[in-house]
Amino acid sequence: MSTPATPSASIPTFEQHFGRAPQVTASAPGRVNLLGEHTDYQGGFVLPTAIPQVTTVALGANGTREHRVFAADLNEQSVFAVGGNAEGGFARYVAGALALGGAPDGLDVHVTSNVPMGAGLSSSAALEVAVLRGLRDLGILDASDERIALIAQRVEHEFVGVQCGIMDQMASSVANSATMLLLDTRSLERHLLPLPAGAEVLVIDSGVPRKLAESGYNERRAQVEEAARLLGVTELRDVQDPQSVEALPQPLRERARHVVSENARVQAALAADVDAARFGVLMNASHASLRDDYAVSHPRVDALVALLQAHADVFGARMTGAGFGGAVVALVRAGQASAVAQAVLAQYGPEGRQVVP
Ligand code: GLA
């Protein structure tokens, strides 16, 4: 769905597809995570920011007992019973949001998005949050932004089968692209913080499809839960002595080392004197940890990150999101993002693509 969110001539509108006007339209953004990766299911701290790309849904009652969901960019329609799940694909996110959001009768749903899919930029959270916002606008769902995020997370767990944390849904629901969201994923306490001064965010899609993401993700999660159990803590956030993980068997040792050190990197990034250069060093260390200890990177992603890290106007760069391919994020000298992207993509190859700015 890498097409403009504003329906263009070639993409049918709600009116054109369903033959009448929608009752409401609602949008929600994708996100890119700057620091704090694979810590949100261990009570950790994360620092995502919203990206400018959004998913937009238009909703209207259809007077039946079935929901009809039309993904306009894909020209794909899915029909399923009120309260039920869809057979697969994108419609499961919508089905889950409609069911858990309490839609009592059939709705027609029109979806457009320019959040890249399968790139680790939370196109699924954007879709869930957009649908839940639409239900709120219709007066069906009475929920705060935080509760919308929690319902969206349940959609992933109960309708899609991904045991994700809360970062993506909270970022889509409460973050904006001018600030970074500091989120305590245990208490959901949060603050919108300024981005490091003199820097801007660059996101490049590596073009590597995230094939093993779902199985690899659930496996990592099970490994760190086992590590926490062996260490006698509720979650790895509670580890007091980072050295204690070194006594764990492989690969739990490496997995736990990543989560504990990543959480420390977020804390370090919040110190008063942290500038863009220091923040970038922490991003570089995060990438090394995700590659070597958490084993969720990919050789092409490593190559792209290395090219970025070698550029004089880049403070730091890392993979972002669940991993196994997808996008990378860099913190770049203000005003230089597009020039950096051009130089790096010329070396990386034609499958790469600048996503932000
Ligand atoms: C996916 C999940 C998030 C988080 C990240 C890794 O995006 O949905 O909850 O675990 O991976 O940080």
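How are α3 and α4 oriented to each other? In this predicted model, the axes of the two helices, α3 and α4, come within 9 Å and cross at roughly 125 degrees. Angles of 65 to 115 degrees count as roughly perpendicular and those over 145 as roughly antiparallel, and α3 and α4 are therefore oblique to each other. The crossing of α3 past α4 is right-handed. On the α3 side, the contact is made by Ser124, Ala125, Glu128, Val129, Leu132, Arg133 and Arg136. On the α4 side, it is made by Asp145, Ile148, Ile151, Ala152, Val155 and Glu156. Sorted by class, the contact of α3 with α4 has seven nonpolar, one polar and five charged residues.

Helix α3, residues 123-137, also meets helix α5, residues 167-174. Their axes come within 9 Å and cross at roughly 50 degrees. Angles under 35 degrees count as roughly parallel, and α3 and α5 are therefore oblique to each other. The crossing of α3 and α5 is right-handed. From α3, the residues Ala125, Ala126, Glu128, Val129 and Arg133 take part, and they meet Asp168, Gln169, Ser172 and Ser173 of α5. The residues of this contact between α3 and α5 divide into three nonpolar, three polar and three charged.

Turn next to the other partner of α4. Helix α4 spans residues 145-160, and its axis comes within 9 Å of the axis of α2, with a crossing of roughly 120 degrees. The helices α2 and α4 are therefore oblique to each other, and their crossing is right-handed. The α2 residues in this contact are Arg92, Tyr93, Ala95, Gly96, Ala97, Ala99 and Leu100. They meet Ile151, Arg154, Val155, Glu156, Glu158, Phe159 and Val160 in α4. By class, the residues of the contact of α2 with α4 divide into nine nonpolar, one polar and four charged.

Is Arg92 buried or exposed? The relative accessible area of Arg92 is 19%; because buried means under 20%, Arg92 counts as buried. Leaving aside residues up to four places away in sequence, Arg92 touches Asn85, Ala86, Val155, Phe159 and Val160. The side chain of Arg92 also reaches the backbone oxygen of Gly89, at 3.2 Å.

What does the side chain of Arg190 contact? It makes a polar contact with the side chain of Glu146, at 2.9 Å. The side chain of Arg190 also reaches the backbone oxygen of Leu188, at 3.2 Å. Not counting residues up to four places away in sequence, Arg190 touches Glu146, Met170, Val174, Leu181, Leu182 and Leu183. Arg190 and Val174 are 16 residues apart along the chain, and their C-alpha atoms are separated by 9.4 Å.

Most residues other than glycine have a negative phi, and most peptide bonds are trans. Leu188 has a phi near 65 degrees, a positive value in a residue other than glycine. Leu188 is found in the loop between β7, residues 179-184, and β8. With 9% relative accessibility, Leu188 counts as buried.

His38 also has a positive phi, near 55 degrees, and is a residue other than glycine. His38 lies in the loop between β1, residues 24-33, and β2, residues 45-46. At 3% relative accessibility, His38 counts as buried.

Where are cis peptide bonds found? Pro251 lies in the loop between α6, residues 213-231, and α7, residues 252-269. Another cis peptide bond joins Val356 and Pro357, where omega is about 0 degrees. Pro357 lies in the segment after β12, which covers residues 353-356.

Notes
Residues numbered from 1 in each chain as written. Predicted model: local features only at pLDDT ≥ 70, side-chain atom pairs only at ≥ 80, totals over all residues. Heavy atoms only, no water. Axes fitted to C-alpha atoms, helices over the stretch in contact; angles between N-to-C directions. Helix = DSSP H or I, 4+ residues; strand = E, 2+ residues; numbered from the N terminus. Left-handed = near helix turned anticlockwise from the far one by under 90°. Contact = heavy atoms within 4.5 Å. Nonpolar A, V, L, I, M, F, W, Y, C, P; charged D, E, K, R; others polar. Polar contact = N/O pair within 3.5 Å; in protein donor to acceptor, adjacent residues only side chain to side chain. Buried < 20%, exposed > 50% of the residue type's maximum accessible area, 1.4 Å probe, protein only.
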